[in-house]
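Dear colleague,

Please find below the structure for your review. A summary of the findings follows it.

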Amino acid sequence: MLPQSPCPNQLLNKTENEIEVWIKRLDLVHPEVSGNKFFKLKYNLEEAVKSGYDTILTFGGAYSNHIYATAKAAEASGLKSIGIIRGEELSELNPTLKSAKESGMRLEFISRSDYRRKAEPEFIKLLDEKFGEFFLIPEGGTNSLAILGTGEILTPEDFEFTHIACSIGTGGTFAGLSHSIKPHQKLMGISSLKGDFIHEEVKVLLNSTRKKYSSQYEILDDYHFGGYAKHTPELIAFINDFHEKYKVPLDIIYTGKTAFAILDHVKKGNFKAGSKILMIHTGGLQGNLGFTEKTGISLPL
Ligand SMILES: *Cc1c(COP(=O)(O)O)cnc(C)c1O
């Protein structure tokens, strides 16, 4: 079991018409297994250990928070880990992969075309033959055990809020939150990916957990800033201003876009007077290091 630190709620902003924006600091939950990944991995690791596996295998891109968190969580749980990484191995590992490797993760680079087969049973069988038995966690870490874990993100003090907001990648965090919100609360998900396919994907995910998609949920798909892992000067400036003003670091892939969306909605008058909004800080800060190394653009850590 990974030790869990408190995730305090911090007030960011209160407007004249009594709209409050707060942030729940999941980025502080564990020094290495940060943010929503802590909750997504928790029951997966427990299950792996309980079922007698000694190795976790998962998939991700070269800057993936999920790869990083899986490497750290496996190490802390005394499990071996294998990361199947999309794309070619570069001569020097980026900070994400370097850290994962230092935590004992075996990195296996595969072509983008092979990577697309990551969920096919025949492909998994090939991995089985190559690596021996392993406990498989899908890309992004979303499965039913992950959703069980993200269902524990909200705690009793969070039920006084009118809105809960989180970033969406695969939707596993959104699905877990949807299980735990109260009838008076509205859940807002901000997609980091371009396109409206995310509405359908989340619907499928909620159906699989016997939760209906309803007006209690809303997904914003117009704050992706060009698409997954894309950014604009406006987003960079926002993240740096936010850090200066509130002393809260945000990441460039997810939480920066989510905080921007929420404050933009406040500015545009889209929340009723008296709304209390709780944004979930899903972590992801390890990625800022690699971003800065790649682009030369500095971001808070
Ligand atoms: C992985 C990740 C997400 C996306 O979570 P899903 O459960 O895949 O939707 C959001 N924020 C951060 C910081 C992440 O690392």
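Predicted model: local features only at pLDDT ≥ 70, side-chain atom pairs only at ≥ 80, totals over all residues.

Between β7 and β8 the chain passes through helix α7 (residues 172-180), giving a right-handed β-α-β crossover. Because five of the six residues of β8 (residues 186-191) are buried, this strand is largely enclosed by the rest of the structure.

The ligand site may be of particular interest to you. Of the 15 residues around the ligand, those that come nearest are Lys-37, Lys-40, Thr-170, Thr-173 and Thr-282. By class, the shell comprises two nonpolar, 11 polar and two charged residues. Helix α1 (36-50), β7 and α7 each contribute at least two residues to this shell, with the largest share, three residues, coming from α1.

- Lys-37: an N or O atom of the side chain, at 2.7 Å
- Gly-169: a backbone N or O atom, at 2.8 Å
- Asn-36: a polar side-chain atom, at 3.0 Å

The protein covers 97% of the 380 Å² of accessible area that the ligand has on its own.

Finally, Glu-88 is located in the loop between β4 (80-86) and α3 (95-102). Glu-88 counts as exposed because its relative accessibility is 73%, over the 50% cut-off. Its C-alpha atom is separated by 22 Å from that of Ile-253, 165 residues apart along the chain.

Yours sincerely

Conventions
Residues numbered from 1 in each chain as written. Heavy atoms only, no water. Helix = DSSP H or I, 4+ residues; strand = E, 2+ residues; numbered from the N terminus. Buried < 20%, exposed > 50% of the residue type's maximum accessible area, 1.4 Å probe, protein only. Right-handed = clockwise from strand over helix to strand, strands pointing away. Near = heavy atom within 4 Å. Polar contact = N/O pair within 3.5 Å; in protein donor to acceptor, adjacent residues only side chain to side chain. Areas by Shrake-Rupley, 256 points an atom, 1.4 Å probe, with all protein chains shown as cover. Nonpolar A, V, L, I, M, F, W, Y, C, P; charged D, E, K, R; others polar.
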